[in-house]
Structure formats: C-alpha cells, structure tokens
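Dear colleague,

Please find the structure below, for your records and review. My findings follow it.

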Amino acid sequence: MSLRNNIDEDYKKAIKNKEQDKINALRLIRSAIKDKDISKRSSENKEGISDSEILILLISLIKQRNDSIEQFKKANRDDLIKNEQMEIDIINQFLPNQKTENETEKIINKLIKDNNLENLKDMGKLMGFIKKNHPGEVDLGLVGKIAKSKLGN
C-alpha cells in the first residue's frame, strides 16, 4: 500500500475513533500533500507526487514543527510545544526508521567510492544520490556535515 493510502486510512480511522488531535495532524499532512500535487501537476503528470516526494515533504513538516518548538520555548508556551510535539509523533509514524550516524557514514563512503566523487563540487551529486536512493532514511543535515568532511580533503 502506498504512503498516501496509509495516511488516508489512518485519517479515516481517526475520524471513526473521534481522535481530534490525530484528525487535525493528518488533515495537515493530507493538505500539504494536496498542495504539492497541485504544484507538480502537468499534462504528463496527473498522478501527483510519488512516495519518495511525500517522504521528503513529511521530513520538511517535521523540520517546521521543530523550528516552531524552538520559538515556543523562547516564549514559554508549553501548551503549543506539546501540540507541535504530538504532530511530530504522528508524522514520524509514516517515516522509515532513521539511519544512525555510523550507517549514514557507510552509505556516504560507498557512494563516494562507487561514483568517484572527489571534492566539494561533487556535493550536489552526492545529495542527489542520497535523496534518490535513501529518501526519508537519513538526516540530510547529518549527510551534509559528514560529506563536507569527506569531500573537503
């Protein structure tokens, strides 16, 4: 079953079970996916965005929530922090397990070796391979940090 279908099924279950917090979070996810579908729509692409693009979208939603939490901490708004964290937990249910730092480093080393990447100019290629082959599995911030140290030599 596709990621989009999983989200829709969970949304229907949340409505049946009257779980208002979950309904709101899933509605937010569905709306973000629909917005992306509309922006990507063309004469060739009538399907909408792929599962890997949905994963990237979910990661960006989590990043937005984390940024909001930082702002709410500065304002001492614990009620809003709790709500954002609950949304992050719901979004995380649809993401694959994140790779550890060691696993991420092994992936980067393999890609550098297999594709003869040599310097920082190849960083874009490396990020492209990561996004294509490991969507949602690795933290791209961590990838950037590790890749800079490997390719910067």
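This is a predicted model: local features need pLDDT of at least 70, side-chain atom pairs count only at pLDDT 80 or more; totals for chains, interfaces and linings use all residues.

Residues are numbered from 1 along each chain as its sequence is written, and side-chain values use heavy atoms, with hydrogens and water left out.

The protein chain has seven helices and zero strands (DSSP runs numbered from the N terminus: H or I of at least four residues for helices, E of at least two for strands). Of its 153 residues, 34% are buried (under 20% relative accessible area, with exposed meaning over 50% and partly exposed in between; 1.4 Å probe, protein chains only).

In helix 6 (residues 123–133), the buried residues are M123, L126, M127 and I130. They span an arc of only 95 degrees around the axis, and therefore lie on the same side of helix 6 (the arc is that of the directions from the helix axis to the C-beta atoms). G124, K125 and K132 are exposed on the other side of helix 6. Helix 5 (101–114) and helix 7 are among the elements that cover the buried residues.

From helix 6, M123, L126, M127, I130 and K131 meet L140, V143, G144, A147, K148 and L151 of helix 7.

Kind regards

Key:
Axes are lines fitted to C-alpha atoms, for helices over the stretch in contact, and angles run from 0 to 180 degrees between N-to-C directions. Contact means heavy atoms within 4.5 Å.
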